[in-house]
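User: Please walk me through the salt bridges and one of the pockets here. Keep it short.

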Amino acid sequence: MKIIKKSNIINQIVINNKNVGFVPTMGTLHEGHISLIQKSKKKCSITIVSIFVNPKQFNKKKDFLTYPKKISQDLKICEKLQVDYLFLPSFDEVYHWKNKKVIYPKIDKIMEHKFRKNHFKGVLDVMSKLLSIIPNSKVFMGKKDYQQYFIIKNFCQINNLKSQIVPCNTIRSKFGFALSSRNLLINTKSHKIMSKVYKTIKNYKKNNYLKKFSNSKIKNLLKKVGIIKIDYINLINLSNLKISKRISKKTNIFIAYYLDSVRLIDNI
Ligand code: AMP
């Protein structure tokens, strides 16, 4: 595995190769990231993983400063997975890169876009740079961050980028909750509550299949398992990311809630 810190060097490597797989991350890698890397290894001739904690997408400075960092562990994981190139750019390497003018998609003011001001502006800022530094690749992204995946896919379409966004399933702990780097900030005792949140939503969906979604009913059920602070809990149509009324195969329940003052998102 080669470690690359310069944007022009990784760009040259991409230009000189075909069938490149790219896994953008913010590090502190876990089984979720690993599944993306493995999918890229399977489908592509070379795999690039980037680790860059993008300050622009954090709407709270404290959240950026406390974001977990485990770079030496990440290096070992990538080496073990036989990643070809690990791209570790600085802020300037990313943001001083000159890319073609792009347009940002219109985003409905729901979910993360409603509750985290400028978050997706920051995500689009970094992805427009990364997809220009590493162009025309297959980009593996997790459905755990479904709204992000949807927006980036849309961004590529409206700008006619040749990057192909590949959605990947959410990897969960054996207790059901979605793996996330932020879980490290949560007391292990609270993991039990996270698993109850998952089970509550899953059972609610199963028991109300093809029925009307009730925001207040599900909030009450979550209150019983100890979740008091919820930014949103919405039933969403996966094909257009609009709020849906009836639970079906086409919909997921999206949630952002707080535990030990840490904000967690999932969609089930
Ligand atoms: P992050 O490092 O949190 O920015 O995530 C990098 C990529 O990994 C994104 O495409 C995420 O959606 C994806 N990801 C994060 N957690 C999971 C998970 N539990 N399962 C699958 N993909 C994930």
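User: Which side chain does glutamate 112 meet in a salt bridge?
Analyst: This is a predicted model, in which local features need pLDDT of at least 70, side-chain atom pairs count only at pLDDT 80 or more, and totals for chains, interfaces and linings use all residues. Residues are numbered from 1 along each chain as its sequence is written, and side-chain values use heavy atoms, with hydrogens and water left out. A salt bridge is a side-chain nitrogen of Lys or Arg within 4 Å of a carboxyl oxygen of Asp or Glu. At 2.8 Å, N to O, the partner of glutamate 112 is arginine 263.

User: Why does the pair of glutamate 112 and arginine 263 tie together parts that are apart in sequence?
Analyst: Helices (H or I, at least four residues) and strands (E, at least two) are DSSP runs, numbered from the N terminus. Glutamate 112 lies in helix α6 (residues 112-115) and arginine 263 in strand β9 (residues 262-267), so the parts they tie together are 151 residues apart.

User: Is aspartate 266 buried or exposed?
Analyst: Aspartate 266 forms a salt bridge with arginine 172, with the closest N and O atoms 2.9 Å apart. Buried means under 20% relative accessible area, exposed over 50%, and partly exposed in between (1.4 Å probe, protein chains only). Arginine 172, at 24%, is partly exposed. Aspartate 266, at 8%, is buried.

User: How many salt bridges does a search of the whole structure find?
Analyst: Some are linked in a network, made up of Asp63, Glu112, Arg116, Arg182, Asp231 and Arg263. The search of the whole structure gives a count of 11.

User: Which helix gives the most to the lining of the second largest pocket?
Analyst: On a 1 Å grid over the protein atoms alone, a pocket is an open set of points where a 1.4 Å probe fits, with protein on both sides within 12 Å along at least five of seven lines; lining residues have an atom within 4 Å of a point. Of the 17 lining residues, those closest to the centre are Lys100, Leu131, Ser132, Pro135 and Leu161. With 3 residues, the top contributor is helix α7 (residues 119-133).
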